[in-house]
Amino acid sequence: GPVLAIESSCDETACAILSAEGVCLAQKIVSQDGHAEFGGVVPEIAARAHLALLPGLVQATLDAAGMTPQEIGFVAASTGPGLIGGLIVGASFAKGLALSLGKPFVAVNHVEAHALTARLPGLVPDGAAFPYLLLLVSGGHCQCIAVDGVGRYRKLGGTIDDAAGEAFDKVAKMLGLGWPGGPALEKLALAGNPNAIPLPRPLMGRAGCDFSFSGLKTALSQKLAPYGQDPLPHQFAADLAASFQQAVADVVADRITNALHMMPEASLLVAAGGVAANSVLRARLEQVAAGAGLRFAAPPLRLCTDNAVMVGWAALETCREAAALGLPQPEDSTTRPRPRWPLEDMASRFAPLES
Ligand code: ATP
Ligand code: MG
Ligand code: FE
């Protein structure tokens, strides 16, 4: 039957209902607004807000889908990785709902949900078939992952310091933009010249597909230093934003080119996570993929950043994979939320048939 899914790993509180085939019947999502004045997500504020928002949000989602709780087949929630307070709130709510309905609860890895989003029905013309190379670029992650199947992930490389979204947010903060910084920085960059200000391209030209952003961030802060506390001239700020974005795109293109060599069996490049909403980056990835004879896919913007549709979809994929392997429907009501949960650990879900 349909899945009711909850997302609460960071500062989006979301609930979605998907049909068993993965068609979204309804989603309600709130991007919490209590964090901007602190310049970042405050975990305790986020957890309290999830708690306050969830009951009404779940009811509103059921109403929008025109469904009663009894018509739900099972309940799913992100149980990691993420901020533990929010994860506990969302998972407890979901488990309680499942228990009261006598339906199964399925725990979802939030990063796996980002990783599988491109496979939602109708997003990619011919469907995002396995295997594909995934660039996961979000607030907490920056990784190249070989996606061989549901639960089968190999990390080819990752950041040695900041995540991509973290870099966007920190640079946006330096430029005096609001938070979250990514979208604001992209907007400002439209008015700037991407070649105006020379910035480093960390790790570019090196072997492998690791990333580094801290040197870029430091270089940028040095360009700002002469202005002290004074407001930046608008054109200078726009040029910095555009030059930073260009540097990130150059680095990512270089790293992905190497990653594609490490995964010759891939015929598709997929980008996921909040930073995949960046249009400059998307255009560059499309170029790289085309140059290598590959297709490129990225979810629509609203499915790149955190949402509950991807959580419901990952739960459906997990159940389908279990059924295909002759395993029982997953039932995770005793699993605990966890702040860290590497993708490589997901294979153990289907362990009974592996020896
Ligand atoms: P994770 O999924 O790793 O736990 P998260 O859930 O916080 O982290 P997402 O919601 O996937 O991350 O993405 C949020 C990040 O995406 C923020 O850092 C935000 O600045 C960045 N982002 C969103 N839109 C854009 C954009 N247009 N350009 C660049 N960055 C963007
Ligand atoms: Mg968010
Ligand atoms: Fe996320």
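I note first that a crossing is left-handed if the near helix is turned anticlockwise from the far one by less than a right angle, and right-handed if clockwise.

Conventions: this is a predicted model, in which local features need pLDDT of at least 70, side-chain atom pairs count only at pLDDT 80 or more, and totals for chains, interfaces and linings use all residues. Residues are numbered from 1 along each chain as its sequence is written, while chains are lettered from A and ligands numbered from 1 in the order in which they are written.

Entry on confidence. I looked up the pLDDT (the predictor's confidence in each residue, from 0 to 100); the protein averages 96, and 99% of the residues score at least 70.

Entry on α7 and α8. I took helices as DSSP runs of H or I, at least four residues, numbered from the N terminus. The axes of α7 (residues 234–262) and α8 (residues 279–291) come within 9 Å and cross at roughly 30 degrees; they are lines fitted to C-alpha atoms over the stretch in contact, with angles from 0 to 180 degrees between N-to-C directions. Angles under 35 degrees count as roughly parallel, so α7 is roughly parallel to α8. I recorded the crossing of α7 and α8 as right-handed.

Entry on ligand 1. I found 24 residues around ligand 1, the closest being Gly139, Gly140, Gly165, Gly182 and Gly274; a residue is near if its C-beta atom, placed from the backbone, lies within 6 Å. Two or more shell residues come from each of α3 (110–116), α4 (164–174) and α5 (181–189). Helix α5 gives the most, with 4 residues.

How values were computed: Parallel < 35°, antiparallel > 145°, perpendicular 65-115°, else oblique.
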